[in-house]
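Good morning, colleagues. Please have the sequence and the structure open as I speak.

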Amino acid sequence: MKTEPASVTSASPNGQLDWHSLDWANIQTSVRKTQLRIAQATREEDWRRVKRLQRLLTHSLYGRCLAVRRVTENRGRKTPGVDGEKWGTPQLKIRAVHRLSKKRGYRPQPLRRVWIPKPGKQERRPLGIPTMLDRAMQALHLLALEPVIETTSDPKSYGFRPDRSTADAMVELFHLLSPQVAPVWILEGDIKGFFDHINHEWLCHHVPMDKVTLRKWLKAGVIDRRQFTATETGTPQGGIISPCLANATLNGLETQLKDHLAQTLGKTKAKKTKVQVVRYADDFVVLADSKKLLEQEIKPWIETFLSIRGVELSQEKTQITHIHQGFDFLGWNFRKYVPKSPYRQAKLLIKPSKKNASAFYQKVAEIIKSSGAQTQEALIGQLNPVLRGWAHYHAPVVAKETFSTLDHLIHWRLWRWAKRRHPKKSDTWIRKKYFHSIGGQNWVFTYPYKSKTETRHRRLYVLADTAIVRHKRLPGGYQPYDAAQELTWEKLRIQRMQHKLRYRGQILWLFRRQQGKCALCGQAISKETGWHDHHVIRRVDGGPDKLSNRVLLHPNCHALVHSQKKQVVLLHSGL
């Protein structure tokens with residue numbers, strides 16, 4: 001792994017590094033090669049080599065540059081820690097790269113406690129916000145830790161992992177439960193206060209990274225309302241490395257359970273039990289063909305597995321259910337419906353859960369109720385992102401009936417809203433003002449406005465208009481750090497990214513034209529990296545808004561283009 005600057009152009013005339021002149025393509029390629037070597041050494045269980053490569057990466061200039069780039073481009077870049085520090089300028093970012101090299105004497109500062117509401121609940125969830133320096137240090141060590149955790153993770157673990165999502169967990173459950181010979185009993189696992197109770201000693205002994213640094217992070221403490229509180233257990237929700245530590249804690253729940261059953265029952269009999277574990281972060285379900293096996297063998301083993309790590313199952317929320325009664329998982333209801341006819345077979349249907357749909361409707365109702373004196377246009381602008389996001393989340397499942405029901409309830413809410421605004425007006429007047437006929441559809445809640453040539457409408461998003469598109473199953477052998485399958489997995493990542501962008505036609509067209517790469521650096525564009533829509537000829541200079549004048553760039557590459565006085569050549573734009 002090189003530790004020199006990316007190229008001679010990355011230094012300014014005074015000999016200092018220049019943030020906008022760093023060769024990011026070379027930096028990412030070099031770090032990626034080292035990560036692949038770490039993953040290969042992990043598969044070979046050569047732990048001394050793993051440790052040596054991890055140290056090489058965390059002490060490299062390239063690794064430090066990528067760590068600073070990550071924390072200054074993500075959503076939380078404008079949220080400071082207890083020191084109030086933010087890195088908004090190229091000079092501060094370069095300074096941060098140098099500060100990361102001074103590991104001797106490094107001491108993390110306490111976390112800043114922030115309380116956020118839980119979706120659909122009155123309770124609030126605590127977040128611990130580290131300082132920018134601590135975030136960057138975590139991002140640096142995450143570069144070296146993630147290849148190890150990914151290589152050793154359970155095959156059917158989907159939460160907080162690269163290129164995996166809730167939809168992947170849902171599709172995996174569909175394939176496991178839909179056959180007629182599928183397991184019929186489900187243990188719904190719920191861990192009580194998972195992030196707050198993970199045992200620090202267990203983490204320090206089992207997570208393959210710098211133990212001294214990890215212990216410092218875990219013991220940093222929290223400041224809430226100017227009051228310092230020591231942290232004796234748990235890992236804070238809000239740290240960059242926390243999801244990876246959480247996955248490391250629960251890794252083995254699937255593989256070790258199957259090994260335990262094979263030793264207890266024998267390999268042949270263990271296979272007949274049809275036991276499978278699907279996990280998303282700290283939520284999991286265990287499938288089996290016998291309720292007795294789940295109650296007497298599997299649940300006690302899971303309780304022992306968790307107690308070693310300092311956490312425990314919630315006895316109130318953990319339950320065993322038959323597939324014909326159905327169960328909720330990740331906002332969906334999984335249930336096999338038994339037909340009345342003896343000649344037809346039971347069929348698995350996955351629908352939005354009643355609890356999830358109710359929480360969503362309450363959120364929409366609250367937005368409408370609290371809109372006050374907002375105009376119709378402003379209300380539509382506030383509602384549409386909420387409606388579209390929820391509909392797209394449920395687009396891979398059987399959701400048309402739920403969509404139609406909610407559309408009807410939302411329409412009723414909007415009619416009440418309009419009536420309250422104009423209590424002395426007739427129903428006919430209100431309908432003509434707020435509801436119009438567009439494209440053969442009547443009673444469309446829309447705001448008409450005049451453009452240069454015609455009258456256009458800003459309309460409320462209709463849930464039932466969302467197309468149901470099935471999500472493709474993730475291959476069982478998928479490994480993001482598998483050097484032998486790098487090209488195969490890269491094609492898969494591009495396909496899945498195109499699937500995510502299917503509702504954003506122009507962005508998808510640009511993504512395909514650029515073959516999924518940044519137009520400047522040529523590195524992959526993903527949900528994690530983010531992207532900016534850049535006009536080659538600026539709008540202020542008369543550039544059109546046509547696709548032929550637009551490209552997708554990484555946020556950092558976009559800032560680089562605008563920092564250059566001369567025109568930058570976009571080699572990967574496809575123009």
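A cavity, as I use the word today, is a set of grid points where a 1.4 Å probe fits but cannot get out, and its lining residues have an atom within 4 Å of a point. Please bear in mind that this is a predicted model.

How many cavities of 30 Å³ or more are there? The count comes to two.

Let us take the largest cavity, which holds about 90 Å³ of space. Its lining is made up of 14 residues, and those nearest the centre are Leu 111, Gln 138, Trp 217, Leu 218 and Pro 236. Three helices each contribute at least two lining residues: H5 (132-152), H9 (211-218) and H10 (242-250).

I turn now to Thr 321, which belongs to strand E8, residues 319-322. Is Thr 321 buried or exposed? Its relative accessibility is 11%, and because buried means under 20%, Thr 321 counts as buried. The side chain of Thr 321 makes a polar contact of 2.7 Å with the side chain of Glu 188. Beyond its neighbours within four places in sequence, Thr 321 also touches Val 184, Trp 185, Ile 186 and Gly 326, with Glu 188 again among its contacts.

Thank you for your attention.

Notes: Residues numbered from 1 in each chain as written. Predicted model: local features only at pLDDT ≥ 70, side-chain atom pairs only at ≥ 80, totals over all residues. Heavy atoms only, no water. Helix = DSSP H or I, 4+ residues; strand = E, 2+ residues; numbered from the N terminus. Buried < 20%, exposed > 50% of the residue type's maximum accessible area, 1.4 Å probe, protein only. Polar contact = N/O pair within 3.5 Å; in protein donor to acceptor, adjacent residues only side chain to side chain. Contact = heavy atoms within 4.5 Å. 1 Å grid on protein atoms, 1.4 Å probe; cavity = no way out; pocket = protein on both sides within 12 Å on 5 of 7 lines; lining within 4 Å. Points joined across faces, edges and corners; volume = space filled by probe spheres on them.
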